[in-house]
Amino acid sequence: MTDPNRQDWVEDLKSEVSGMAKDGMHHPSTKPVLTGAAIGAVVGLFVPPLSWPLGLAAGAGIALYNRIKK
């Protein structure tokens, strides 16, 4: 059995990512997600078990999640 809230979240994620891909920097979510990715990359440089690519992906994921959650 599927949870309707999960399906809404997945649909929101799909529409947000496709909107960012189509509109580029003109989409309202692009700049916060890129900022989150940059912050994550910098944090990844200073935390020994992490690396900058992992920090970049985590930062972008957290920023995208926060945009969708609203």
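Val42 belongs to helix α2; helices here are DSSP runs of H or I with at least four residues, numbered from the N terminus. The C-alpha atoms of Val42 and Gly55 are separated by 7.3 Å, although these residues are 13 residues apart along the chain.

This is a predicted model, in which local features need pLDDT of at least 70 and side-chain atom pairs count only at pLDDT 80 or more, while totals for chains, interfaces and linings use all residues. Residues are numbered from 1 along each chain as its sequence is written, and side-chain values use heavy atoms, leaving out hydrogens and water.

Leu54 is located in helix α3 (residues 52-69). With 47% relative accessibility, Leu54 is likewise classed as partly exposed.

Thr30 lies in helix α2 (residues 30-46). Its relative accessibility is 10%, so Thr30 counts as buried. Beyond residues up to four places away in sequence, Thr30 touches Met20, Gly24 and Met25, where contact means heavy atoms within 4.5 Å.

The largest nonpolar core has 7 residues: Met20, Val33, Ala37, Ala60, Ala63, Leu64 and Ile68. Such a core is a set of buried Ala, Val, Leu, Ile, Met, Phe, Trp, Tyr and Cys residues joined through side-chain atoms within 4.5 Å. Helices α2 and α3 each give two or more residues to this core, and α3 supplies the largest share, 4 residues. Leu64 is in contact with residues including Met20 and Val33, its neighbours within four places in sequence being left aside.

Conventions: Buried means under 20% relative accessible area, exposed over 50%, partly exposed in between (1.4 Å probe, protein chains only).
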